[in-house]
Amino acid sequence: MYNYVVTAHKASAVTHAAVGSFLSPNNRDLILAKCSRMEVYSLSSEGLVPVIELPIYGRISVMKLCRFPDDLQDSLFFLTEKYKFAVLRWNTQTGDCDTIAGGDVHDRIGHPTSAGHIGICDPCMTCFGLHLYDGLFKVIPTDFKKEAFNIRLEELDVLDIQFLYGHSKPTIAVLYTDSEENRHLKTYTVSLKDKDFGNGPLFQGNLESGASMLIPVPTPIGGVVVLGQETVTYISGSGLRGYHSIPVSATIFRAFGRIDKDGTRYLLGDEKGILYLLVLEQSTSLSTFTETETKITGLKIQTLGETSMPSTIDYLDNGFVYIGSCHGDSQLIRLLSEPHPETGSFIEVMETYPNLSPIVDFCVMDAERQGQGQVVTCSGAAKDGSLRIIRNGIGIHEQASVEVPGVKELFSLKKSSLSSHHSLLLLSFASESRILELVSTELMTEANFPVFEMQEPTLYCSNVVGDCIVQITPSKARLISCADMSIVNEWHPPSGFRISVASGNFMQLIIATTGGNLIYFDIDPNSKTIVEKSYKSLEYEICSLDISPLGQAGINMSSQAIPSSFVAVGMWTEVSIRFYSLPSLDLVHIEKLGLDVIPRSLLFVTMDGEDYFLAALGDGRLLTYRVDKSAKDITDSAVERKFLYDQRQMSIGTQPASLGIFETQSALHVFAACDRPTVIHSSSGGGKLLCSNVNLREVTRVCSFSSETFPDCLALVTEGSLVLGTVDNIQKLHIRTIPLGEQPRRIAHLDAHHVFAVLTTKQVVAMSEDGNEAASETIEEGYVRLIDDTMMEVVHSYKLEQFETPCSVITVNFGEDTAAKDNQDYFVVGTAYSYADEPEPSRGRMLVFAVREQRLTLVAERTFKGALYSMDAFNGKILTSVNSMLKLVRWSETESGARTLTEECTYHGSIFILQIKCLGDFILIGDLVRSVSLLAYKPMNGTIEDVARDIDPSWITVIEMLDVDYYISAENCFNLFTLKRNSDAPTEEERSRLEKVGEFHLGELVNRIRHGRLVLQIPESGISIQKTLLYGTANGALGVIASVDEKTFHFLYSLQTALNEVIKGVGGIQHEDWRRFTSERRMGDSKNFLDGDLIERFLDLSRDKMELVAKKVNVPVEELAKQVEELTRIH
């Protein structure tokens, strides 16, 4: 069993953030860490602009910006959870990161800290400090020639460590808990010479029991702020000048951000998403005749408003703040000087950045019944809980449609060239043309304009200069005045010739006639005539033309129109594309395709400031090139630059495509109308073309149609219909948020009733019996929410009993069971009662709900002695875990006709069953401690028996059955592994073991794996995809696991190996180390898994590096690019 693992939606939880001058001394940049990658944004007047993305071969546990002495820009220090560190500096000349230092800080002995890695940077840049193991503090001198060393740390239960400002020697403050659960603050000086601690200037004992976080205060103030659950305390650096504390409402602070360089103001964020302003009030006095002394006289804290639950808070500039979150959407906010008149908040949310983390559960549904999966996730936590609908590709939202069969070409027109809105659509058929007019918000009718040639098909039609419309048919080019709808000029081809192909723009026309004749025209706006400027006779027939201007910023406003300097000509017999300069029609370049398929549609386009040329071939392939407009002297051998360069090839369908430009949100994109409609767009920040599927089965023609009623619309010809539709935001995956305001835990979809059952919990304040608010307590309530899958609204709710927590939900059809006479599907919910004095739930319920008129109706229930953590439908029955037991439950009918749930059999032999999966009579269980076991139901005996088990204990988080013999699982050390049943083994001992046939370090905590796919269909190509699964992670990543055959695996593995030799890991970290299976008990090389994220980076390489990789795997670069491009289409 071989698997290709690739990320469809990258991790979106922001775990670390920093602000500084990383890209250049004059820049102010925001650097975000999201699991195993870094994103760098520049601050501009338009907000945060993405600049670069750095994939890191490791889970980032520490990230700090620091500036070395005499440097003008900041460097970046990071550490991974596998103990690899690096210091990076951005090289402005090469546009890449230089690694200043790097290495491994792993120790052979030591117990890893339970609170995670702590990494700090000395303000004087003498060293970095790391707390990785209990009782040890590792020091990395910034003189990287010196080795890192450990210092014994007496405090074992460390909560936080920070370097303090204003000390001659590196000084750390340690917040820790002693053996009696008291919390203290202690300081040490760090001696790099003696490699040991010295006594620090401060010890503060018996701090608040909830103290959890330290804020070092810069000079001239110095000292440290301690954040507790009920107090905020300032302690001066020397311990002599002040101790100030103020009470706060009970809360847990999660993040802080400094506003001022002198450290007088801080932003604090708590677990509820409340943002506070902390002010250190100070006074200044003369300590000597020449020096002043700053003292803190008190603290003041003010509530500003509510944000997402923060993991990072970073003050950017001018009142703008970035709130990074692991449990909700990250936000860019602006601080207000005065409260909002309606909300009273001092916060204005400027932009929201979607975050799926944590994905605790998801289901896959086909809402549009097209075979394309939509993933609906349970995301977020507490008040930031939500459902997220994730869909691949770009949605076209229909606004109007009309049945019109046989349309061959489509052109949008304005009644005046000065107008910014279209109102007419010219449709070309095999032997005629028609015009439709938008007469109301929803009605298009056929219009009669005698000045148009309606008895011939139209080859080209558009508004042009001089407030005119040009229409080109096989017999003529006609110029029509918009002012009085009259014919003002016509051009006819010479006798015996007909116009075969035409193209144009707002100022120019290019026409090809039979016989290979090419004629270029200007349109004179003064005389309103079509003026022939040049002519060229070619030796072959012409099959396609394009004269779209490069550098044009928009297509809907005539004021943005510019002339083109080139024409592209597709040739029949030669199977080439020729490029001629305008107006002379001098040859600039010949691009011989070397194929037996002609170019059917050509297009010049500028996207995100980059000039491109696109050619759609007759077999569904798309060629893309970059264009160097200045490299146009074909006779000058000294000119090394090429007119076309950086060729890429991708497969977008199986039939010829028609290319058209459209504009949305002030950006140009290309629509490829074909059997697999595709939008070609520029990547974020430019530099790469991306393809996104469209949620339509087939489109034959498309054009922009921006009317007053439907701005930024497209007109599309589909199977027998003309559709007007608006376009989603241009991105590969679309995410729609359904806020819940509470914690979603589990989800199931009932397709027959078009509803979801979502299990949620929320925290509510329970008042004391006497109504005393001070004596009130927070309790958790559980609900089953019924949500309509079209409107995505809660239509009904079922509240669970007090102390009852929802644990699992499935859909079940009881089939031939006598109790289920209506043979319908039901929701089945499993719960647990959580009592404070019970270490493990001793009671739970199974609830069976029918959906009637969009309401939940409880039709049966049964109480069990334990929690029902997982369930699965099993041949018309229900398998459920009850703590350590597995029970088979059937739905029966009593003599009185009442329905009841009856236990059929019980399996003992597990410790804690976390998940159950069934296929046929086989049952796969994931035990939190004992890894994976395979069981079988024996219907003759009515028993469940052991078949085989994984003998390597793992803390399982999720399991799934690939088929009856192969299974996949994820565990808490961020690994994936596959297991095989050895049913043909010769001995009973071998048959009783599940063989581990695949291992892979994913670097993500997987919470759910389900069968399904995100694309409409798996594209046919040389890459054999057998089945696909989707996975969701705690960091908000959504990925695809695709099973491939052995031949495909070995080919892709050789490609992966070649890419490893060409693509070097950031900071010098090796890819093999990153993907090596690593658990608490052992390590082992990755096997039988492919890293799709690395393989698909092939498409980002320069042409030279592509050719180098292709040479290593002995495959032509075009063929290799095509195969990798096909792989990208599985997600």
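This is a predicted model: local features need pLDDT of at least 70, side-chain atom pairs count only at pLDDT 80 or more; totals for chains, interfaces and linings use all residues.

User: At what angle do the axes of helix α5 and helix α6 cross?

Analyst: Helix α5 spans residues 1103-1113 and helix α6 spans residues 1117-1128. Their axes come within 9 Å. An angle of 65 to 115 degrees counts as roughly perpendicular, and α5 and α6 are therefore roughly perpendicular to each other. The crossing angle is roughly 95°.

User: How wide an arc around the axis do the buried residues of α5 cover?

Analyst: The buried residues of α5 are Met1106, Val1109, Ala1110 and Val1113. They lie on the same side of α5, because the arc they cover around the axis is only 100°.

User: Which residues are exposed on the other side of α5?

Analyst: The buried residues of α5 pack against β53 (644-651), α2 (1046-1062) and α6. Exposed means over 50% relative accessible area. On the other side of α5, the exposed residues are Asp1104 and Lys1111.

User: How far apart are the axes of α2 and α6?

Analyst: α2 and α6 pack at an angle of about 105°, and are therefore roughly perpendicular to each other. The contact joins Phe1051, Leu1052 and Leu1055 of α2 to Leu1120, Gln1123, Val1124 and Leu1127 of α6. These residues divide into six nonpolar, one polar and no charged. The distance between the axes of α2 and α6 is 13 Å.

User: Is asparagine 1114 buried or exposed?

Analyst: Asparagine 1114 is found in the loop between α5 and α6. Its phi is near 60°, a positive value in a residue other than glycine. With a relative accessibility of 68%, asparagine 1114 counts as exposed.

User: Is methionine 792 buried or exposed?

Analyst: Methionine 792 is not a glycine, yet has a positive phi of about 55°. Methionine 792 sits in the loop between β64 (777-788) and β65 (794-799). The relative accessible area of methionine 792 is 6%, and the cut-off for buried is under 20%. Methionine 792 is therefore buried.

User: What is the C-alpha to C-alpha distance between proline 358 and cysteine 326?

Analyst: Proline 358 lies in the loop between β29 (347-353) and β30 (361-365), and the peptide bond from serine 357 to proline 358 is cis, with omega near -15°. Proline 358 is buried at a relative accessible area of 15%. Not counting residues up to four places away in sequence, proline 358 touches Cys326, His327, Cys378, Ser379, Gly380, Thr1033 and Ala1034. Proline 358 and cysteine 326 are 32 residues apart in sequence, and in space the C-alpha distance is 7.2 Å.

User: What is omega for the cis peptide bond between threonine 219 and proline 220?

Analyst: Proline 220 is placed in the loop between β18 (213-216) and β19 (224-227). The bond joining threonine 219 and proline 220 is cis, and omega is about 15°.

User: Which residue of β43 stands opposite isoleucine 499?

Analyst: β42 and strand β43 (residues 508-513) pair in the antiparallel sense over five bridges. The residue of β43 opposite isoleucine 499 is threonine 513.

User: Which residue of β17 stands opposite leucine 185?

Analyst: The open sheet β14-β15-β16-β17 has antiparallel pairing, with β14 (157-163) and β17 (196-207) as edge strands. Strand β16 (residues 183-191) is joined to β17 by seven bridges. The residue opposite leucine 185 is glutamine 204.

User: How many of the residues of strand β34 are buried?

Analyst: Strand β34 (residues 409-413) runs antiparallel to strand β35 (residues 424-428), with five bridges between them. Leucine 410 of this pair stands opposite leucine 427 in β35. β34 is mostly covered, and the number of its five residues that are buried is four.

Methods. Residues are numbered from 1 along each chain as its sequence is written. Side-chain values use heavy atoms; hydrogens and water are left out. Two strands pair if DSSP finds at least two bridges between them. Helices (H or I, at least four residues) and strands (E, at least two) are DSSP runs, numbered from the N terminus. Axes are lines fitted to C-alpha atoms, for helices over the stretch in contact, and angles run from 0 to 180 degrees between N-to-C directions. Angles under 35 degrees count as roughly parallel, over 145 as roughly antiparallel, 65 to 115 as roughly perpendicular and the rest as oblique. Buried means under 20% relative accessible area, exposed over 50%, partly exposed in between (1.4 Å probe, protein chains only). The arc is that of the directions from the helix axis to the C-beta atoms. Contact means heavy atoms within 4.5 Å. Ala, Val, Leu, Ile, Met, Phe, Trp, Tyr, Cys and Pro count as nonpolar, Asp, Glu, Lys and Arg as charged, and the others, Gly among them, as polar.
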